[in-house]
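Dear colleague,

I am handing over the structure below, together with notes on what turned up when I went through it. Please have it open while you read.

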Amino acid sequence: MSIASTPLTLAAAAAALLLAAAPALQAKTLVYCSEGSPENFSPALNVTGTSFDAARPVYDKLTEFARGSTQVEPGLAESWTVSPDGRVFTFKLRAGVKFHSGVNGFRPSRDFNAEDVLFSFNRQWKADHPYAKVSGGKYDYFADMGLPDDVVAIDALDPMTVRISLKRPNVTMLANLAMDFASIASAEYADFLAKQNKKEQFDQVPVGTGPFSFLAYQKDAVIRYKANPAYWGEKALVDDLVYAITPDPTARYSKLKAGECHFVIAPRPADLAEMAKDASLKLINQSGLNIAYWAFNTQKAPFDKKEVRQALSMAIDKAAILKDVYLGAGQPAKNLIPPTLWSYNDAVKDYPFDAARARDLLAKAGVKTPLEIDLWYMPVQRPYNPNAKRIAEMMQADLAKIGVNAKLVTYEWGEYRKRMQQGEHTTGMLGWTGDNGDPDNFFFLRGCDAARPGGQNLSKWCNKAFDERMEKARASADTKERSRLYQEMQVIEKEDAPDFKIAHSVVYEVMRAGVSGYKQSPFGSHQFNGVDVK
């Protein structure tokens with residue numbers, strides 16, 4: 001069986017599963033050909049777009065991003081106030097918000113209130129929380145942003161008012177709370193499962209307040225959701241939402257053309273011209289708020305020397321990668337943040353492609369060749385990295401020319417991320433799509449908090465000068481001052497070279513012509529309330 005045919009076979013099985021539900025035959029259904037299976041359905045536990053996308057239909061946050069925008073607007077909090085010193089945030093909660101009923105027999109007896117907010121945040125913050133250790137108990141996003149140390153208190157002032165107090169001012173807090181890790185779950189549902197000794201179901205059979213409720217999940221095949229008629233916000237315009245999990249981009253394109261799905265992400269760059277000419281399809285794009293990078297593990301020799309990291313940065317032909325892999329759908333990256341984001345430092349000079357200088361730097365650093373390293377590449381396709389294996393092969397060939405032998409390594413996606421976050425690699429590829437439109441959401445990836453074992457700083461690089469500026473920027477409401485600090489941080493990072501920055505990509509998405517109301521997100525997320533199909 002070919003690689004391309006496997007996802008189609010799984011999708012056929014998923015279609016059979018759907019057709020078995022006779023009452024749904026006449027329902028209006030939107031089918032999203034997604035690219036992978038979620039790790040679970042609790043955003044607090046995850047850091048990847050695949051898992052966030054799977055949970056997003058089910059949950060809401062206190063604050064939300066306006067669909068297709070970086071603008072923060074009210075969510076489960078209908079209003080808020082911030083203390084003059086930027087440390088205390090008080091949220092007035094929205095009344096009358098209903099939780100879904102669960103497919104496992106749960107029926108809510110009350111509306112959403114402060115108890116659910118405290119449950120959702122305390123699970124990530126307090127080690128003695130009854131759900132803290134459920135499903136592995138790793139809350140990487142919460143930890144990497146420094147919140148375990150920064151939060152002083154989370155209090156319910158009354159059933160519909162919550163106050164969050166911080167040690168330090170944080171001007172990014174309202175945008176941070178609109179991110180997926182801050183999704184609000186049902187404390188009553190948690191109690192319901194705990195009484196049955198079934199806590200693990202909390203993260204696999206989700207219950208929220210969102211525009212769709214969860215129905216079923218068949219790993220590597222399909223996720224099914226039903227419209228929530230009681231939703232407080234912008235309602236679903238379809239009856240059913242289906243994620244047909246289809247990892248191969250060629251298979252996704254085939255299903256889209258055949259009308260088996262309405263929407264796909266991450267098309268192959270080689271297919272874009274054909275897609276644009278097809279009147280039955282609608283191709284959209286925007287500059288991505290993203291970065292693809294190759295991280296050097298600075299805690300492992302010889303990558304603990306910046307000269308070695310600089311040398312490898314000069315060894316790679318970035319222009320060839322952009323031409324061969326991105327096919328015009330990307331631009332070379334020299335900073336962690338993309339040039340579309342405020343505070344971008346265009347004065348930073350990228351490392352030149354210069355194999356001779358790379359060899360000299362290695363020799364000056366005392367590195368004897370041949371040097372054996374590993375080069376991990378992602379097993380999945382992402383808008384910021386259309387073909388990680390091909391990039392790895394091109395890097396491998398370039399490195400060989402300076403006496404560095406790179407062994408290519410990959411794992412299943414969840415395992416890949418877990419191992420890299422633990423620091424098992426010597427070098428490895430990953431990337432990032434911004435979550436909130438603030439530069440801090442990129443820079444925290446190189447912060448000392450995220451360099452811990454399990455953290456998202458895959459270079460395991462901790463630079464005090466960089467970190468001090470990041471903390472000052474979080475505390476300042478002066479955009480000019482923040483921009484100055486961020487520009488200085490980009491200079492520091494370029495000199496220390498904890499990673500080789502590959503590209504910022506253009507993000508393409510394609511749908512059937514009959515799809516209406518979809519708004520492309522600057523964060524690379526996918527949201528289907530307000531979307532209709534003919």
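To begin with a detail, where is the place of Pro370? Pro370 is in the loop between helix H12 (355-364) and E15, where helices (H or I, at least four residues) and strands (E, at least two) are DSSP runs numbered from the N terminus. The bond joining Thr369 and Pro370 is a cis peptide bond with omega about 5°, and a cis bond also leads from Ala301 to Pro302, with omega near 0°. Pro302 sits in the loop between strand E13 (290-296) and helix H10 (306-315).

Before going further, please note that this is a predicted model, in which local features need pLDDT of at least 70 and side-chain atom pairs count only at pLDDT 80 or more, while totals for chains, interfaces and linings use all residues. Residues are numbered from 1 along each chain as its sequence is written, and side-chain values use heavy atoms, with hydrogens and water left out.

The pLDDT (the predictor's confidence in each residue, from 0 to 100) averages 94 over the chain, and 95% of the residues score at least 70. Over residues 1-24, however, the pLDDT is below 50, and this stretch has 23 contacts in the model beyond near neighbours in sequence, a contact being heavy atoms within 4.5 Å. Where pLDDT is low, the predicted coordinates should not be read in detail.

Strand E15 (residues 371-376) pairs with strand E16 (residues 404-409) in the parallel sense over six bridges, pairing being called if DSSP finds at least two bridges between two strands. Within this pair, Ile373 stands opposite Ala406 in E16.

Trp294, with Tyr225, Leu312, Leu399, Met429, Ile502 and Phe528, touches the most other members of the largest nonpolar core, which has 147 residues. A nonpolar core here is a set of buried Ala, Val, Leu, Ile, Met, Phe, Trp, Tyr and Cys residues joined through side-chain atoms within 4.5 Å; buried means under 20% relative accessible area, exposed over 50%, and partly exposed in between (1.4 Å probe, protein chains only).

Gln456 lies in the loop between helix H15 (440-443) and helix H16 (464-475), and it counts as buried because its relative accessibility is 5%. Leaving aside neighbours within four places in sequence, the contacts of Gln456 include Asp140, Asp144, Trp432 and Arg446.

The whole structure holds 35 aromatic pairs, meaning rings of Phe, Tyr and Trp (its six-membered ring) with centres within 6.5 Å; planes under 30 degrees apart count as stacked, over 60 as edge-to-face and the rest as tilted. One of the pairs is Phe41 with Tyr217, edge-to-face at 5.3 Å centre to centre and 75° between the planes. Phe41 lies in the loop between strand E1 (29-33) and helix H2 (49-55) and Tyr217 in strand E8 (residues 212-218), so the pair ties together parts that are 176 residues apart in sequence. Phe41 counts as buried at 0% relative accessibility, whereas Tyr217, at 25%, counts as partly exposed.

Finally, Lys534 lies in the segment after strand E20 (532-533) and counts as exposed at 91% relative accessibility.

With best wishes
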